[in-house]
Amino acid sequence: MDNEANKDMSGQDGLWVGKAADKVIAEFPNQELYTCAAGISPSGVVHFGNFRDVATAYAVMKELIARGKKARLLFSWDNYDRFRKVPAGVDVSFSKYVGVPLSAIPDPLGKYPSYAKRYETEFEKSMQELGIVMDYKYQTDEYTSGRYADKMAFVLANRKKAADIQLQFKTEKANHEKGIDPEEFRETYFPLTVYSRFTGSDKTQVLSYDGGTKVTYRCLVTDKTEQIDFKETPVVKLPWKFDWPMRWAEEGVHFEPGGKDHATPGGSYTVSSVIARELFNEKPPVFQGYEFVGIQGVKGGKMSGSKGGAVSPAMLLEIYEPALLMWLYMRRAPNQSFNLAFDTEVYRQYDEFDREIAAYQQGNASPAKEKILLFSGIDKNDKSPVSFKQAVALGQITQWNVDKVEELAQKSGIPYSRDSALRRLPKAKSWLNTYNPEEKIELLPEKNSSYIKTLSEEQKEHVAKLRTSLSGDIDSIAALDEIVYGIVKKPDMTDKEMKAAQRNFFKTVYSLLIGKETGPRLSTFLWAIDRNKALELLG
């Protein structure tokens, strides 16, 4: 897609989705049903980048519905695509299936009916958790049912015109380098992939077409030749740039996003749009190219689902609430990149999300921001959620006991919602244990003797004061809060000096208790941990 079209739907904080819907309605007015589409080939783990396909189409569908239109979200599993290569983590013996449809390959672990079904199932479970309802189409079923037979026959009957469209996008230099003679190309071009009935793979060559639904092909592996009627023997499919516009026409697609690789001039969308208009006499859908999503805290960059180590929506949902994850994807215009995080950046994302919800609840959110929050599926009544950082800290202190977390939050004056705690504690635990074990807060097994030797006399005096206070009766976190902030106070200190002295004191106490310079709110931590163990470590 050209840059000008991308600009038409740019903007932040939800403005883009209104502009996208405007364009869809302008291009396709008065439709009985609007179809927003997305799709992926299940060649491996469906990763977080592919999810932007769904989130973008979903947002536009929601906007159309909000305007009183009837709309659906169509998702195509391209499981009739060929197996291109063996991904990391799969036995090398699977190289024998290269060229075979993904749906015809066994599951490497033997749990699912096919290789494709393994990855389809995980992704669909994640969509269910996100509250996204889609009309799933499995292209193996669609092709083998004979649904597309007439469309394929039409393409073959117009194969010279199809060849001319392809040649529009090939330069003379490229043709020369690849040894392509345009006239010969037109005569021998058959836009059809045949899966050999001898081997199951697409290592075949179409030799002739009878003008109806019969083709003769040669299996390049066995060198055997046969004629098939693909209406009766559905082992064929259209190449991608013909398959895509064929399905736009078949399904009545009005909007579909795609990665920027599809959006480049001369890319898949450009070619398929020309095929839609000139071959199928159909208007192509409104297209929105999107930037790739970055990630930090794990190995990032653009990830292919067929490569090992890909981060899936299921992995993201281990640490992100569904509404937050949806919000992160939908609030940015598709042509803007953004990052997801498995490290401490997730604290900031949760905090920003909470502030946006609070602003909405107080009536201070812009209409665009409010729209994206609602489309994300927020709980409109969930006030004062426990922050993710507090969930990590309090969860560890209480061994992830929600009742104890609630008690600590109330006693320490920490904003708290039980519903949010129930949602966030499991996410916080997973974030900590699975992805950030170095952030764990654990009492040292014995005194930090080497550190104690570095303390000044004044520091030792401050620690001794704290130990004396902890040995007495303390009736509340508030009282303990007053103690820990007051230990370093001196009458002649400025506010700046006081804050610096308190920070240094907290650093000392954390180093003695957990071997780190920072930790949870100190008064809350001291209230919750084993008091005798604390006295031992401070002694």
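In the predicted model, helix α2 (residues 15–27) packs against helix α3 (residues 51–66) at an angle of about 70°, and their axes lie 9 Å apart. Helices (H or I, at least four residues) and strands (E, at least two) are DSSP runs, numbered from the N terminus. Axes are lines fitted to C-alpha atoms, for helices over the stretch in contact, with angles running from 0 to 180 degrees between N-to-C directions. The two helices, α2 and α3, are therefore roughly perpendicular to each other (angles of 65 to 115 degrees). Contact (heavy atoms within 4.5 Å) involves Trp16, Val17, Gly18, Ala20, Ala21, Val24 and Ile25 of α2, together with Thr56, Ala59, Val60, Glu63 and Leu64 of α3. Of these residues, 9 are nonpolar, 2 polar and 1 charged; Ala, Val, Leu, Ile, Met, Phe, Trp, Tyr, Cys and Pro count as nonpolar, Asp, Glu, Lys and Arg as charged, and the others, Gly among them, as polar.

An open sheet comprises 3 strands in the order β5-β6-β7, with antiparallel pairing; strands pair if DSSP finds at least two bridges between them. Because β5 (204–209) and β7 (225–229) stand at the edges with a single partner strand each, one side of each is left without a neighbour in the sheet. The twist averages 30° from one strand to the next. Strand β5 is joined to β6 (residues 214–219) by 5 bridges, and Thr204 has Cys219 of β6 as its bridge partner.

Residues are numbered from 1 along each chain as its sequence is written. For this predicted model, local features need pLDDT of at least 70, side-chain atom pairs count only at pLDDT 80 or more, totals for chains, interfaces and linings use all residues, and side-chain values use heavy atoms, leaving out hydrogens and water.

How values were computed. Parallel < 35°, antiparallel > 145°, perpendicular 65-115°, else oblique.
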